[in-house]
Amino acid sequence: MSEIKLACEVAEQVKAICDKHGNLPGELINILHEAQHLQGYLPEEMQRLIAHKLNIPVSKVYGVVTFYTFFTMTPKGKYPISVCMGTACYVRGSEKLLEEFKRVLGIEVGETTPDGKFSLDCLRCVGACGLAPVVIIGEKVYGRLQSVDVKKIIEDLE
Amino acid sequence: MKILSTHDLQAIMQRAENALRLREQSNKKIAEKSCGLTIGTDHLQILVCGGTGCTASSGHLIAEHLQKALEQYNIVHQVEVITTGCFGFCEKGPIVKIIPDNTFYIRVTPEDVDEIITKHIINGHRVERLLYIDPKTERVVSDSKHMDFYRKQQRIALRNCGFINPENIEEYIARHGYLALADSLLHKQPIDVIGVIKRSGLRGRGGGGFPTGLKWESAHKQAADTKYVVCNADEGDPGAFMDRSIMEGDPHSIVEAMTICGYAIGSRQGLVYIRAEYPLAIQRLKTAIAQAREYGLLGERILGTDFCFDIEIRYGAGAFVCGEETALIHSMEGNRGEPTLKPPFPAEAGYLGKPTNVNNVETLANIPIILTKGAEWFSSIGTERSKGTKVFALAGKINNVGLIEVPMGTTLREVIYDIGGGIKGGKKFKAVQTGGPSGGCLTEKHLDTPIDFDNLLAAGSMMGSGGMIVMDEDDCMVSVARFYLDFTVEESCGKCTPCRIGNKRLLETLNRITQGCGTEKDLETLSTLGHVIKDTALCGLGQTSPNPVLSTLNNFYDEYLEHVKDKTCRSKQCKALLTYSINPEKCIGCHLCFKHCPADAIIGDVRKPHVIDPNKCIKCGMCMARCKFKAINVC
């Protein structure tokens, strides 16, 4: 696990979130959703703090964080790229798109470029199957993409 | 205002009916002429699809631009812009529909708005270039009722999607919404409500197909001070978006159905377990809950009776296994979503150990209309053992991607060729995958099978939640099986050994085969291991996870054999089995492939035929995509 220390301000916000949910262990997932929203990921220190507030073992918090794909322990890039790997996108060529993103960015799925600009992930169906294959970068949805488009998209963002 | 009686409800219904009258009328009659403010009508409505698919392609901007244009031309009082739920025809989105003449505009962009306003809304002339052209007859079809895509559909669960404004409770009430709740609370005993649902023959739409009435009855029979009603909105099947569209397009039907269920089983608390990835559905649901509370249809003393019921929202965090009801319950309790053995069933000991009734979104959407129209009406639709309709998310290599609803018993051929408009690009149909990662692939020989729970199971697949992915000759069935296994391995919770380790071994074997290292023995392993996992896994996810492998082995054994014996992939999908080469007769030496090859694997001088260095080639296919002379061969 990383050695990032939480800024005081963030720690206070996390505590406030736990208090808002009555420090109840049953509210863990809702708390994690809100906590992840603060910085885009859930560093170790944050999980320790939540465990302490809810009076449950850190292993339980870590167990939940690692179980669900929505939660992440690595910081995302300035432009988080998610390639839809739903079946509809898969049969319309999303695997080739993903390969091209990996090649152009030089990172694997779940990683962030060293300059912190781009991170690459897969997601399971956004339900815009009419636009397949779909890639989401930040809030913007790119539909009907082909691998030849990838380089240009990255260059435009840079 | 709080609604305290059926009388109050009817008063709102009448008030709101005016707003809907224009739409109801145009829904019935066939539009012959287009209308505009200068001819034919003095009042128009513009419906804009507000589903996720259309919103993703700037549908929200269209509504904004329309509103601005109305202000600019000073016609705000005569024309309304209404954002509705999904129309279903996602392939052609964003969709804009003009009422009363029912003109259906497709692939609209924000730039088209001004023309729609000036030409159609003001002067009554359709914008021809935005109309749908029937690919078979090549004729323009302006009214959606005449499109093949809609003609064979029967919309029950989707009755309000694309018709009402989902954020306006009064429009829902005008469509007889909350009438079933009022009738149940004021005139029926809980056991009578359950009786209607039982007689209707409604079966769970989430995948299992368990009779809903029986489920309610067993929760009703439990003696407990606290019981829970749970709506399973954790639609995890990749390529399926039925539940999301219902929640986005008709959230009140879910609120009403859950409240009715609460009354029937004796519960005061409802919970919606919804994917956090569905922000629009969450927002619409929250709005609907707040409005229902305001109108006295949710909360304390509903409709002036002693019955109290409220709904809370819980967020999923992306785990496919949480679609399984015991796993879902553990997740709602803040734990890892691992399933447990049944019995005890959730109806006996569910959320926080209390009796819990879990129903899927589409199942619930059917409840209010069954109660208003009657069990006999519902059971007259469908097949002998599967009643009513089913919503499918039709996607993949098909012309009309979208959300459809058909009566049970419709054949796959009707769905794929009539509604779906056939295979994209005139390619040959190969398979249709139903039931997502738990289902199987059906082939040409199954095309005339009437779709229902039992027929699909007998054909080696399953109904599942309604994902339907069409594949053509370019899809490799071994890679498709590998794709699903990859999904299952990632989503397996790891609790039971057959699923955790067995599926991993299946995936490794499939990887070997697609990489050209498979043997005939591997095919035997796939089959034996697959059956062992089916028989021994703990929950529904594990027990169904080998289905994609077993069904493709069954129906496409030749393709597997080619991969392991000849080391070829006829669909040209398995990269390791492909060789790229340049046809020297076609290559003019334009150097384009040379420039774009990421691996510097192409050798050759300008204006002379090039060659590919097989040692450097990474088989990305970039040269093929770039070549303008079709000089690249792959075999």
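Which strands of chain B does helix α11 lie across? Helix α11 (residues 251–265) of chain B lies across β7 (228–233), β8, β9 and β10, and runs at about 150 degrees to β7(B). Helices (H or I, at least four residues) and strands (E, at least two) are DSSP runs numbered from the N terminus. Angles run from 0 to 180 degrees between N-to-C directions, with axes fitted as lines to C-alpha atoms, for helices over the stretch in contact.

A word on the source: this is a predicted model, where local features need pLDDT of at least 70 and side-chain atom pairs count only at pLDDT 80 or more, while totals for chains, interfaces and linings use all residues. Residues are numbered from 1 along each chain as its sequence is written, and chains are lettered from A and ligands numbered from 1 in the order in which they are written.

Back to those strands: they form an open sheet of four, in the order β9-β8-β7-β10 (chain B), paired in parallel. Strands pair if DSSP finds at least two bridges between them. At the edges sit β9 (310–316) and β10 (356–360) of chain B, each pairing on one side only. Strand β8 (residues 269–275) of chain B pairs with β9(B) over seven bridges, and Gly270(B) stands opposite Ile311(B) there.

Now zoom out to the two chains. Their contact takes 36 residues from chain A and 39 from chain B, where residues are in contact if their C-beta atoms, placed from the backbone, lie within 7 Å. On chain B's side, α2 (52–56), β11 (389–396) and β15 (467–472) each supply at least two residues.

Note on methods. Two residues are in contact if their C-beta atoms, placed from the backbone, lie within 7 Å.
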